[in-house]
Amino acid sequence: VFRIIPLCWGFVLSFAEDGQWVGVQNYIRAAEDPNFRDSIVNTLILLATLPIWIMLPMLLAILIHQGVPGAKLYRAVYFLPAVLSSVIVGAIFSIVLRYDGSLNAALKAVGFDAVDWLGSSKTALGSLIAVQLWSTFGMSVLIFLSGLSTVPDDIVEAARIDGARFWQRLFLIVIPSLRPIIEFVAVVTTIGVLTSMFGMIYVLTGGGPGTATTLPEFLIWLEQGRLNRPGYAAAISIILFLMMGGVAWAQVRIMSRNANV
């Protein structure tokens, strides 16, 4: 009722506009729309950063699992941003990253020039991605910590006794044992970054400057809420849905193939 029917209705709606059947015209419009093309380019850039979204929390989880001093504190600190809404996080970093904000004040204090983090097309998308990563990777840290608890300690200890160094134990035992967890985090993170950044974009950049931080989900809202083109917005939604499914399927296939090898 709440998943399948709206999805099917959105698919039907994507072939209409203003109450009239227009066939594939909305999809043709999407192919010709420079704003949509820019949003796809931004999405590809975002997807290119996915290894960071996976490797960073995994490495932090491994360090915490090693029992470093203050491990419980680190676990809480890393997870804390995950419980904050994107609006709160966006409001905080809109102050930190503005031209006269605290980050530029710190840069000036050590002799660097101020940077227009959110107002320049060169830095806006990277800043947005960094803030979203900061606010969400704590959940991945907890997932990896749960996965690390399933790694056989006796095998790791036997490798240590046999003379295997930390990095050897990490790459030959720990990470291969975490393959199912890595696959899960990769798929969930991919879907998350494609569908959960609206609030951050809305508060931090509004999709700008220009279309520098516009992603398909934000463009859907613009077309539906601002321009009152529900059919075209539905077409973009279907394209985004297919993109998510395709990327997730490819990730699972690649990782499954590597696991078989």
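E223 is buried, with 3% relative accessibility; buried means under 20% relative accessible area, exposed over 50% and partly exposed in between, for a 1.4 Å probe and protein chains only. This is a predicted model, in which local features need pLDDT of at least 70 and side-chain atom pairs count only at pLDDT 80 or more, while totals for chains, interfaces and linings use all residues. Residues are numbered from 1 along each chain as its sequence is written, and side-chain values use heavy atoms, leaving out hydrogens and water.

E223 takes part in one of the 2 salt bridges found in the whole structure. A salt bridge here is a side-chain nitrogen of Lys or Arg within 4 Å of a carboxyl oxygen of Asp or Glu.

| Salt bridge | N to O distance |
|---|---|
| E223 and R229 | 2.7 Å |
| R98 and D100 | 3.2 Å |

R229 is partly exposed at 28% relative accessibility. In the other pair, R98 is partly exposed at 41%, whereas D100 is exposed at 60%.

The largest nonpolar core has 52 residues, and F144, L148 and L178 touch the most other members. Such a core joins buried Ala, Val, Leu, Ile, Met, Phe, Trp, Tyr and Cys residues through side-chain atoms within 4.5 Å. Helix α8 (residues 124–148) gives the largest share, 10 residues; helices are DSSP runs of H or I with at least four residues, numbered from the N terminus. Beyond its neighbours within four places in sequence, L148 is in contact (heavy atoms within 4.5 Å) with A61, I62, H65, V174 and L178.

W134 also lies in helix α8, and is partly exposed at 36% relative accessibility.

Key:
Helices (H or I, at least four residues) and strands (E, at least two) are DSSP runs, numbered from the N terminus.
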